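Here is a friendly note to read alongside the structure. Please keep the sequence and the 3D view open as you go through the points.

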Amino acid sequence: MRALVKTAKGPGQMALLDIEEPRTGPGQVKVRVARAGICGTDVHIASGEFFHYVPPLALGHEFAGVVAEVGEGVSGIAVGERVTAEPTKRTCGECPHCRSGHYNRCERREIAGVVSHGAFTDFVVTRAASIHKLPASVSFTAAALSEPLAVCVHGMTEQCSLKAGDAVLVCGPGAIGLSCLQVARALGARVIVAGTRKDAHRLALAGKLGAERAVTVEEGDLRAAVAGLTGGWGVDMAIEAAGAAPAFKTCLESVRKGGQILQVGIPGRPVEVDMSQVTWKEVRIAGTFGQKDTAWRTAIRLMEEKRVDMEVLVSDILPLGEWERGFRLMEQGGGLKVLLEPGR
Ligand SMILES: [Zn+2]
Ligand SMILES: [Zn+2]
């Protein structure tokens, strides 16, 4: 089967290759990929900058499709069902993280498209526990974004605690930032989104998705926007979704005393932090990486109940053969979320 493969470490090293179709073992399910999203992580793996990946490997960890085969011992999942799947293909099941349900922290977790073949190809075989059935109202286009949505749900509600009425600042209006905005709105929070000049179209979308204010940091006065929304108090939760050092600084400046900062972006290099402010403000900083099934169930429910709109975040849907154009669109930031269709 045709797959977009990262063939070796370093910049580039990407090719459409023919790889062997995976076999469905006991406890596993084979999914025919309908649509798969290109993530910032894929772009960083393509450029050789990502901190951890194991080539040769078919990229792609955000996908939805149809069950093509069900392995021995799997019950409750049938061929032909519309599904999405967590990127977790295997966990050790024995370490303290797995035992306590935090399997996203398992050191031996096999992640699709990062350490094991992913979804930029026809078929993915994964553990049955990672399969989530799609309600009829959730399209493949929306469902291909279940993974980033579950990242936001996990970070905001499991790593941090978001409450109705909270004021939230989202720094970085990419697919993750705009999904965080939608989760916050769905849970009854008020949101300011901050971006840079190149984010104009994304900030406009943030306004349509219910942000109270969408601020271009070079032009608008973010400090005034935060003060205005919070009566000078500061936001309850600041989310760093840009993966940029200045964005973390902005989060620390904007969060109230006793507030929370969620670090979801991956800066890729050490960032200088004024720890005196962390002490002084009694700020809690939480990291978040991947997700657990609890967050997946919430993410799918939010889509089913139309409390979030993931389709609106998709700017382009391209055949797998046009992956180079897709990656270029993602790098240049002209679009928002680009999906690939392996079957086309
Ligand atoms: Zn991703
Ligand atoms: Zn484990």
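**Notes for a first look**

1. Let us start with one pair of residues: lysine 6 has methionine 14, in strand S2, as its bridge partner. Strands are DSSP runs (E, at least two residues) and helices likewise (H or I, at least four), numbered from the N terminus.

2. A word on the model: it is predicted, and local features need pLDDT of at least 70, side-chain atom pairs count only at pLDDT 80 or more, while totals for chains, interfaces and linings use all residues. Residues are numbered from 1 along each chain as its sequence is written, and chains are lettered from A and ligands numbered from 1 in the order in which they are written.

3. Back to the strands. Strand S1 (residues 2-6) pairs with S2 in the antiparallel sense over five bridges; two strands pair if DSSP finds at least two bridges between them. They belong to an open sheet of three strands, antiparallel in its pairing and ordered S2-S1-S4. At the edges are S2 (14-18) and S4 (57-58), each pairing on one side only.

4. Next, the domains, whose bounds come from an automatic or database domain assignment. Domain 1 covers 2-145 + 310-341, and domain 2 covers 150-287. Their C-alpha centres lie 28 Å apart. Six residues from domain 1 and six residues from domain 2 make the contact, where contact means C-beta atoms, placed from the backbone, within 7 Å. On the domain 1 side, the residues are two nonpolar, two polar and two charged. Here Ala, Val, Leu, Ile, Met, Phe, Trp, Tyr, Cys and Pro count as nonpolar, Asp, Glu, Lys and Arg as charged, and the others, Gly among them, as polar.

5. Do look at helix H4 (residues 146-159) and helix H10 (residues 293-304): they pack at an angle of about 115°, with axes 8 Å apart. The axes are lines fitted to C-alpha atoms over the stretch in contact, and angles run from 0 to 180 degrees between N-to-C directions. Among the H4 residues that meet H10 are Leu149 and Val153, and the H10 side includes Trp296 and Ile300. The contact divides into eight nonpolar, four polar and one charged.

6. Finally, glutamate 311 sits in the loop between H10 and strand S17 (314-319).

How values were computed. Two residues are in contact if their C-beta atoms, placed from the backbone, lie within 7 Å.
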